[in-house]
Amino acid sequence: MINALFAGCGRISDLHALGYKDSNLGNIYGLYDPDREKAEEKAVKWGAKVIYDSYSEALADPEIDLVEILTPHHLHCPMAIEAAAAGKHISLQKPMALNLEEADRIIAAAAAAGVMLRVYENFVYYPPYTKAKQLIEGGEIGEPLSFNLRVRCGRSPGAWDIPLDAWQWRFNPQTGGGCPIMFDHNYHNFSLALYLLGGVEKITAWMDQSEVIAGSGLLVNVPATVMWKYRANRAYGVMDVTMSPELEIESNRYADESRLEITGTRGIIFVNRCTGRLQNRPPLELYRDGISTAYENIPAAWDESFRLATEDMLTALTRGGSPLLNGEAGKAALAMTLAAVESAQRGCSIELK
């Protein structure tokens, strides 16, 4: 069994914990959070054995094999490097760092220490998306030509209650990286774009600003549209993001939703839901040769993606291999995210290396 340390017990930790529930590969062994009361509450909930008074104390415990770093973005680099120096494997919440220089330092530290590094991003484990990947690789739509993603942020009576301290730091460029929706949430979507159709050569973006809550003065970078050209083929991608305060979305987590359409020379794949649900359609549909096929029985609960993401890491640690989202994959998604932000700020296309 892999003994995991949760470094950070904020709201996102509840989703990470799903991957350890009933797992025969790993368990939540210890917890550290500057707010000890928060850690004590989660220890009871998850059955953790130890609560540490400091991060350094936790890293010094030989019982800890893996560190789940679940902290604000500006802490990712120093905490990952410290974990590597302590000989601990690293699961690092997205985005992996504030910039590419930090990403390189994290990758280098993990390599020097001989520990496994995985950047935690759950969208590429969401079953409808992994099925879409299988269909693409199986030639079901021919040569892929376009990736079109529409992201809608609205409201939901069943959505999570997000404490103020779980999101307020995201609006500070020094702690959250700036551009709260594009840099933070849409990292998921850039990672997905790379996972499904490969590397990106060039990106162009336009971003406006909207108040996240009327009168709050807290701004998010939407509405926004991002376009990119894939490197290895003729395919292009487009993502548009809109915040619609009065749009009701069925969800028991976040009040947002993504709808994906991938068009090829022979057919089209539609993924009709992710975090929430906007319409009564199958999770995935394939249109090919004049025939529509509905994939009704794919697991479509968003929570499943968190379980599968953790299982991938634990399997790699216990049985050998590399997790899907290693350090280089995490860096590629970060590079795409940063290029989109830079493009919008400079008003020009950005070439990716």
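Author: Helices (H or I, at least four residues) and strands (E, at least two) are DSSP runs, numbered from the N terminus. The model is predicted, so local features need pLDDT of at least 70 and side-chain atom pairs count only at pLDDT 80 or more, while totals for chains, interfaces and linings use all residues. Residues are numbered from 1 along each chain as its sequence is written, and side-chain values use heavy atoms, with hydrogens and water left out.

Reader: Why is aspartate 22 called exposed?

Author: Exposed means over 50% relative accessible area, buried means under 20%, and partly exposed lies in between (1.4 Å probe, protein chains only). Aspartate 22 has 73% relative accessibility and therefore counts as exposed. Its phi is near 65 degrees, a positive value in a residue other than glycine.

Reader: What makes aspartate 289 partly exposed?

Author: The relative accessible area of aspartate 289 is 46%, and therefore the term is partly exposed. This residue is found in the loop between β15 (284–288) and β16 (291–295), and its phi, near 55 degrees, is likewise a positive value in a residue other than glycine.

Reader: Why does serine 251 count as buried, although it lies in a loop?

Author: Serine 251 counts as buried because its relative accessibility is 8%; the loop in question is the one between β12 (236–248) and β13 (256–264). Leaving aside neighbours within four places in sequence, serine 251 is in contact (heavy atoms within 4.5 Å) with Ser156, Gly158, Ala159, Thr275 and Gly276.

Reader: What places glycine 176 in the buried class?

Author: Its relative accessibility is 3%, so glycine 176 counts as buried. Glycine 176 lies in helix α7 (residues 173–176). With neighbours within four places in sequence left aside, its contacts are His73, Leu98, Trp169, Arg170 and Phe183.

Reader: How do you know that cysteine 274 is in no disulfide?

Author: The structure holds zero disulfides, a disulfide being a pair of cysteine sulfur atoms within 2.5 Å. For cysteine 274, the nearest cysteine sulfur, that of cysteine 153, is 12 Å away, and cysteine 274 is in no disulfide. Cysteine 274 is also buried, because its relative accessible area is 2%.

Reader: What makes a group of residues a nonpolar core?

Author: The term denotes a set of buried Ala, Val, Leu, Ile, Met, Phe, Trp, Tyr and Cys residues joined through side-chain atoms within 4.5 Å. The largest such core has 91 residues, of which Tyr55, Met96, Phe147, Ile203, Trp228 and Ile269 touch the most other members. Helix α8 (residues 180–197) gives the most to this core, with eleven residues. Apart from it lies another core, of 21 residues, among them Tyr20, Leu31, Ala39 and Ala316.

Reader: Which element supplies the largest share of the lining of the second largest pocket, and how is the lining divided by class?

Author: The largest share, eight residues, comes from α10. By class there are ten nonpolar, one polar and six charged residues; Ala, Val, Leu, Ile, Met, Phe, Trp, Tyr, Cys and Pro count as nonpolar, Asp, Glu, Lys and Arg as charged, and the others, Gly among them, as polar.
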